[in-house]
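This report goes through selected local features of one chain. Have the sequence and the model open alongside.

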Amino acid sequence: MLRPFPEPRAAYVHVPFCVHRCGYCDFTVVAGKDRLIPAYLDALEIELEALGTPRPVDTLFVGGGTPTHLPPKDLSRLLNLIRYWFPPSPAAEFSVEANPADLDHKRVEVLANHGVNRISLGVQAFDEQTLQLLERDHRQADIERSWNLVRQYFENVSLDLIFGVPGQTLETWKQTLDAAAALQPTHVSTYGLTYEKGTRFWSRRKKGELVAAAENLETEMYALSMETWTAAGLEQYEISSFTRPGFRCRHNQVYWQGLGYWACGPGAARYVNGRRETNHRSMTTWIQRLQQGLSPVDDFEELSPADRARELIVLGLRRCDGIDAAEFLAQTGFELRSLEPHAWQRHLATGFLEETETGRIRLTKAGRFVADSVIVDFL
Ligand code: SF4
């Protein structure tokens, strides 16, 4: 018999404010509209109240946008609201995304005083040229300053880095990796730059103003990430994620295991009782609907059991631990290899997938370089 959907034990809250929109950014962001902060917080309170009763969680993640762009008083109100409606269990992981440019003592103190215990710092690069091309508003000096500041309060600090940026060379990427490794972070996420439709980078590439990095250069950069982080004592546990032992991001693991999670804020997506709902991405629509007593949900889907099983394969293959066939059967009701049997056979034969002695199927190291083309065969 299939397991019923348990009540989520994870929550995500989206804070959409940023100083400006970076050219590659496809997130739900409002730039230069800080006057909307009070209305955002009021609307968030209405959305949270609709939960009816506080929902205890083991992981909380406040992302954006730039949550730390909020002035300290507003940041404090936000965190109080979140902690009331999603009371964290004693050993909960409580992450907040932060940008090097706007972190100051006051804000970091507010985070620490409200029980935040993990910071995800959006560093992206350590060289000025790449930071400027990405249109980030922080500079090298901000990284050092903000790192020293957060480390005074938090042990668990993750860094986000981007490779495959136009103009970035293997040498400049190596400089970024080495500079990041010298800081000895507990966790690192390295992402290849993508060009999402609707972003400035998308149109600039179309016009020929930006030239995407060559595929073989991106492959070399990814290989260098793996090499650097392994040498620095971090374990790769997901396609883009590396961690010191004991510091895996528990919140992201909820997503990758196909478990449920609450979510609030404009554009936020939740997965509760097998139903996926996404809020309106437009900040003003989201606020207005909540003010008028209407649902902030723009879109929803309930996956069929087979689609849910396929999604679990896609998510599970991103994890270096791979998929446990027995666990998969219990969670979905499907034999793992009964879905797309030819794709399993083909990728096991080509060596992009492997089966471990304990019955898990996972990407091999070679498979991680072509993960997208392997995973697409299970959709
Ligand atoms: S700081 Fe992050 S969220 Fe804000 S615009 Fe830039 S990439 Fe997007």
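## Conventions

Helices (H or I, at least four residues) and strands (E, at least two) are DSSP runs, numbered from the N terminus. This is a predicted model, in which local features need pLDDT of at least 70, side-chain atom pairs count only at pLDDT 80 or more, and totals for chains, interfaces and linings use all residues. Residues are numbered from 1 along each chain as its sequence is written, and side-chain values use heavy atoms, with hydrogens and water left out.

## The α1/α2 pair

Two packed helices are described by the angle between their axes and the distance between the axes. Here the axes of helix α1 (residues 37-49) and helix α2 (residues 72-85) come within 11 Å. They cross at roughly 5°. Axes are lines fitted to C-alpha atoms, for helices over the stretch in contact, and angles run from 0 to 180 degrees between N-to-C directions. α1 and α2 are therefore roughly parallel to each other. The classes are: under 35 degrees roughly parallel, over 145 roughly antiparallel, 65 to 115 roughly perpendicular, and the rest oblique.

From α1, the contact (heavy atoms within 4.5 Å) takes in Ile37, Pro38, Tyr40, Leu41, Asp42, Leu44, Glu45, Leu48 and Glu49. From α2 come Asp74, Arg77, Leu78, Leu81 and Trp85. By class, the contact of α1 with α2 has 9 nonpolar, no polar and 5 charged residues. Ala, Val, Leu, Ile, Met, Phe, Trp, Tyr, Cys and Pro count as nonpolar; Asp, Glu, Lys and Arg count as charged; the others, Gly among them, count as polar.

## Leu78

Leu78 sits in helix α2. Its relative accessibility is 0%, so Leu78 counts as buried. The cut-offs are under 20% relative accessible area for buried, over 50% for exposed, and partly exposed in between (1.4 Å probe, protein chains only).

Leaving aside neighbours within four places in sequence, Leu78 is in contact with Val13, Val15, Tyr40, Leu41, Leu44, Val62 and Leu70. Leu78 and Asp42 are 36 residues apart in sequence. Their C-alpha atoms are 9.8 Å apart in space.

Asp142 belongs to helix α5 (residues 140-153). Asp142 is buried yet has no salt bridge. A salt bridge needs a side-chain nitrogen of Lys or Arg within 4 Å of a carboxyl oxygen of Asp or Glu. The nearest side chain of opposite charge, Arg145, is 4.0 Å away. For charge, Lys and Arg count as positive and Asp and Glu as negative; His and the chain ends are not counted. Residues up to four places away in sequence aside, Asp142 touches Pro100, Ala101 and Asp137.

A cis peptide bond joins Gly64 and Gly65, with omega about 25°. Gly65 lies in the loop between β4 (57-64) and α2.

Which residues other than glycine have positive phi? One is Gln124, with phi near 70°. Gln124 is in strand β6 (residues 118-124) and is buried, with a relative accessible area of 7%. Another is Glu340, with phi near 50°. Glu340 lies in the loop between α12 (325-332) and α13 (341-350). Glu340 is partly exposed, with a relative accessible area of 30%.

## Two further sites

Thr228 is part of helix α8 (residues 215-231). At 13% relative accessibility, Thr228 counts as buried. Not counting residues up to four places away in sequence, Thr228 touches Leu177, Asp178 and Ala181.

Lys106 is in helix α3 (residues 105-113). At 47% relative accessibility, Lys106 counts as partly exposed. Lys106 and Pro71 are 35 residues apart along the chain, and 9.1 Å separates their C-alpha atoms.
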